[in-house]
Amino acid sequence: MSKKDQLDLDQFELLESIGSGAYGSVQKIRNKKNEKLYAAKILKAKSNEIDDQDKSFKRELRCHQTLDNPAVIKFIGYSMTDFDGNKYPVFITKYMEKGCLRGVLDLVRKKKPPKGWNNTKMIINILGISLGMKYLHDNGIIHRDLKPSNILL
């Protein structure tokens with residue numbers, strides 16, 4: 001496990017929760033120096049799941065450190081502890097300000113699509129998702145949890 005991407009979380013401030021799942025939560029954070037926004041995925045496992053969390057963390061870290069493609073979220077770094085110093089690993093990634101596909105689909109269903117949303121944008125997004133999945137599969141990675149809330153725009 002390479003430590004070259006390890007970050008000091010003191011350089012960031014927590015803002016708000018932007019998602020959650022079986023793994024833990026995702027928080028919007030800001031770099032204190034340059035004011036840039038990022039996302040922090042905090043892995044939280046019950047004590048009897050720590051071994052599984054460790055395997056999952058190492059697998060995800062290897063993926064983040066080796067993948068480089070416009071269809072895959074930009075990896076910034078990681079910390080072995082959370083923002084409170086607990087032994088919960090944290091992944092820092094680019095913050096996707098447009099949110100996830102789930103939000104777009106919800107708006108389209110309500111007949112209130114996002115500004116500029118049209119068939120061309122829809123096809124571009126479908127193509128991007130397809131190319132991203134192909135890239136992952138070509139690199140031996142099967143996502144296992146592909147759903148609209150996990151597709152960031």
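## Overall shape

What radius of gyration would a compact globule of 153 residues have, and what does the chain have? A compact globule with 153 residues would come out near 15 Å. The chain has 16 Å, which agrees. The model discussed here is predicted.

The C-alpha trace spans about 45 × 35 × 30 Å along its principal axes. Contacts can also be sorted by distance along the sequence. Take the contacts in the chain with a separation of 6 or more: 49% of them join residues 24 or more positions apart.

## Helices and strands

The chain holds 3 helices and 5 strands. Read from the N terminus, their order is β-β-β-α-β-β-α-α.

Some positions in this order matter for the sections below. Strand 2 covers 24–31, and strand 3 covers 37–43. Strand 5 covers 90–94. Helix 2 runs over 101–109, and helix 3 over 119–138.

## Surface and charge

Of the 153 residues, 29% count as buried. The chain exposes about 10500 Å². Carbon and sulfur atoms supply 52% of that area.

Charged side chains come in two sets: 28 are positive and 18 are negative. The centres of these two sets lie 7 Å apart.

Nonpolar side chains tend to be buried together in soluble globular proteins. Here the largest nonpolar core has 8 residues: L9, F12, I29, Y38, A40, I42, V90 and I92. Strand 3 and strand 5 each supply at least two residues of this core. Strand 3 gives the largest share, with 3 residues.

I42 is one of the core residues. Leaving out residues up to four places away in sequence, I42 touches Y23, G24, S25, Q27, D82, F83, Y88, P89 and V90. One of these partners, V90, is also listed in the core.

## Two loop residues with positive phi

Where does E35 sit? E35 is in the loop between strand 2 and strand 3. Its phi is positive, about 65°, although E35 is not a glycine.

K111 is found in another part of the chain, in the loop between helix 2 and helix 3. K111 is a residue other than glycine, and its phi is positive, near 65°. Is K111 buried or exposed? At 72% relative accessibility, K111 counts as exposed, since exposed means over 50%.

How values were computed: Residues are numbered from 1 along each chain as its sequence is written. This is a predicted model: local features need pLDDT of at least 70, side-chain atom pairs count only at pLDDT 80 or more; totals for chains, interfaces and linings use all residues. Side-chain values use heavy atoms; hydrogens and water are left out. Helices (H or I, at least four residues) and strands (E, at least two) are DSSP runs, numbered from the N terminus. The radius of gyration is taken over C-alpha atoms; the globule rule is 2.2 Å times the number of residues to the power 0.38. Buried means under 20% relative accessible area, exposed over 50%, partly exposed in between (1.4 Å probe, protein chains only). Contact means heavy atoms within 4.5 Å. Accessible areas come from the Shrake-Rupley method with a 1.4 Å probe; for residues, only the protein chains shown count as cover. Lys and Arg count as positive and Asp and Glu as negative; His and the chain ends are not counted. The place of a charge is taken as NZ of Lys, CZ of Arg, CG of Asp or CD of Glu. A nonpolar core is a set of buried Ala, Val, Leu, Ile, Met, Phe, Trp, Tyr and Cys residues joined through side-chain atoms within 4.5 Å.
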